[in-house]
Amino acid sequence: MPVWWTILAYTVAMSFFGTLIYNSSKKTSPEAGIDSLHAENQRKISLFFAFVSFALLVFFVGQRSYIFDTFQYQYAYDNYYTGDLAQIKDLINGTNAEKGKGYTFLLILFKHFTHGTYNDWFTFLAVVEMIPVVLLFYKYSDSFTLSSYFFITSGCVLWLVNGVRQFLAVTLILYFVDWIFKKKTFPFIIVVLIAATVHNTAVLWLPVYFLIHLKTWSKKFVVYSVVFTILAFILINSSIFSETNYSYVGTSGGNGVNPLRVLFMSIPTCLAFYFRNDIKSKTNRNADICVNISVICTEMYIVGMFTNGVVGRLPIYFELFNYILLPWMLENAVNEVTKKTIKLCLIVLFMLFFSYNMIIAGNGAYNSSTLNLFFT
């Protein structure tokens, strides 16, 4: 647990310090709020400090061992030899039974050319996964510090150490997030299909992509999103997965998503609905898309609450957009009188949830053989 608290303190401190330095050397345009979800003059931190803010997280994630499902990734990495690349031919021909051929392909290449340890592999993955997250916050957030704070305290940061292969698919798509906002449909579909070779749940983005470009809070969007949720629920509980590597998805064993997490993750959607008229007056299409993504994220969490807990991993494809939506709403949709109150409430709520997650839910464990750190 001390490791995650240290990471939180370091990330917030460095991003806040970086923001202060940037603001002291740059003058913000008075029109910065017009399109702040991707305005060049709205960037309030240098790219250098943006990456430095997450350096400690990458370090600890790379040096971990034997926490959550890390052991499975350690075993998979050690299971591949480095003598030649013949394994790739077997992978392409389908003789390798490992899930996520894209992930395995990348693993084989890395181990063949670096001969590194599993900690080197974990560090490499952490870098690859965090680059698009940092760029998302850097390019689209009104407050890099707040977005970073929400990312860690929400527990989203734990995807770096648990469910890594799926989070790799998530972040591969984020590298091309501009294509979502600019509605470059065909190139984005290609990216999703490539990400699906890493984790096939990435195909969830295909129907969602078309949903989020509908008018926010319109009858069409509400109806289609509800239909999508119902179909997802039916599909997940059907026998379609029974003959696949994901046969556990439709089973009833295990608990669904914690209702407390569902309630917590619905906060951005609830705020977006409450301030829908203020958001509409800003005529910001990027914000509208983020609101739609937030709604889909909430719906997927609701589905996960009534199914196998594994389904609770699906919203991660959309959750990160909440952390750029919240700062934007605080800056643009909330009046000055209530802005500080809502911001303070959000900071406290996220901290309480982080404390619950780390202490009561028992997700604060961290072990590292190389660093000789063992916290349960």
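Two aromatic rings of Phe, Tyr or Trp count as a pair if their centres lie within 6.5 Å. In this predicted model, a search of the whole structure gives 35 aromatic pairs. Y317 and F318 form a tilted pair, because their ring centres are 6.4 Å apart and their planes meet at 55°. Both Y317 and F318 are buried. The two residues also belong to one aromatic cluster, together with Y140, F181, F188, W205, Y209, F210 and F321.

Charged side chains also meet aromatic rings. K111 lies over the face of Y77, at 4.8 Å from the ring centre. In the case of F273, the charged end of R276 sits over the ring, 4.1 Å from its centre.

The chain as a whole was then examined. The protein chain contains 20 helices and two strands. Of its 376 residues, 53% count as buried. Contacts between residues at least 6 apart in sequence were considered next. Of these, 78% join residues at least 24 apart. The accessible surface of the chain comes to about 16900 Å². Carbon and sulfur atoms account for 66% of that surface.

The largest nonpolar core holds 114 residues. Within this core, F151, W205 and L320 touch the most other members. Helix α7 supplies the largest share of the core, with 13 residues. Leaving out residues up to four places away in sequence, W205 touches I173, I180, F188, V192, I212, I293, Y317, F318 and F321. 

Helix α4 spans residues 70-78. Which of its residues are buried? They are T70, Y73, Q74, A76 and Y77. These residues lie on the same side of α4, because they cover an arc of only 165° around the axis. An α-helix has 3.6 residues a turn, so residues three or four places apart point the same way. The face of α4 turned away from the buried side carries the exposed residues F71, Q72 and Y75. What covers the buried residues of α4 includes α6 (101-114), α7 (118-140) and α9 (164-174). Among the buried residues of α4 is Y77, the residue whose ring face lies under K111.

Helix α19 covers residues 322-332. This helix is mostly covered, with 10 of its 11 residues buried. The buried residues are N322, Y323, I324, L325, L326, P327, W328, M329, L330 and N332.

Two leucines were examined one by one. L160 is placed in the loop between α8 (144-153) and α9. Is L160 buried or exposed? L160 counts as buried, because its relative accessibility is 2% and the cut-off for burial is under 20%. L160 and L125 are 35 residues apart in sequence, and their C-alpha atoms are 8.5 Å apart in space. Residues up to four places away in sequence aside, L160 touches L57, V61, R64, E129, M130 and F167.

L106 is placed in helix α6. Its relative accessible area is 29%, so L106 is partly exposed. I88 lies 18 residues from L106 along the chain, and the two C-alpha atoms are separated by 9.7 Å. Beyond its neighbours within four places in sequence, L106 is in contact with W121, F124 and L168.

Backbone angles were considered last. Most residues other than glycine have a negative phi. F68 has a positive phi of about 50°, although it is not a glycine. F68 is found in the loop between α3 (55-62) and α4. With a relative accessible area of 34%, F68 is partly exposed. W217 is another residue other than glycine with a positive phi, and its value is near 60°. Where is W217 placed? W217 is in the loop between α12 (205-211) and α13 (219-236). W217 is partly exposed, with a relative accessible area of 28%.

Terms used
Residues are numbered from 1 along each chain as its sequence is written. This is a predicted model: local features need pLDDT of at least 70, side-chain atom pairs count only at pLDDT 80 or more; totals for chains, interfaces and linings use all residues. Side-chain values use heavy atoms; hydrogens and water are left out. Rings of Phe, Tyr and Trp (its six-membered ring) pair if their centres lie within 6.5 Å; planes under 30 degrees apart count as stacked, over 60 as edge-to-face and the rest as tilted. Buried means under 20% relative accessible area, exposed over 50%, partly exposed in between (1.4 Å probe, protein chains only). A charge sits over a ring if NZ of Lys or CZ of Arg is within 6 Å of the ring centre and within 35 degrees of the ring normal. Helices (H or I, at least four residues) and strands (E, at least two) are DSSP runs, numbered from the N terminus. The arc is that of the directions from the helix axis to the C-beta atoms. Contact means heavy atoms within 4.5 Å. A nonpolar core is a set of buried Ala, Val, Leu, Ile, Met, Phe, Trp, Tyr and Cys residues joined through side-chain atoms within 4.5 Å. Accessible areas come from the Shrake-Rupley method with a 1.4 Å probe; for residues, only the protein chains shown count as cover.
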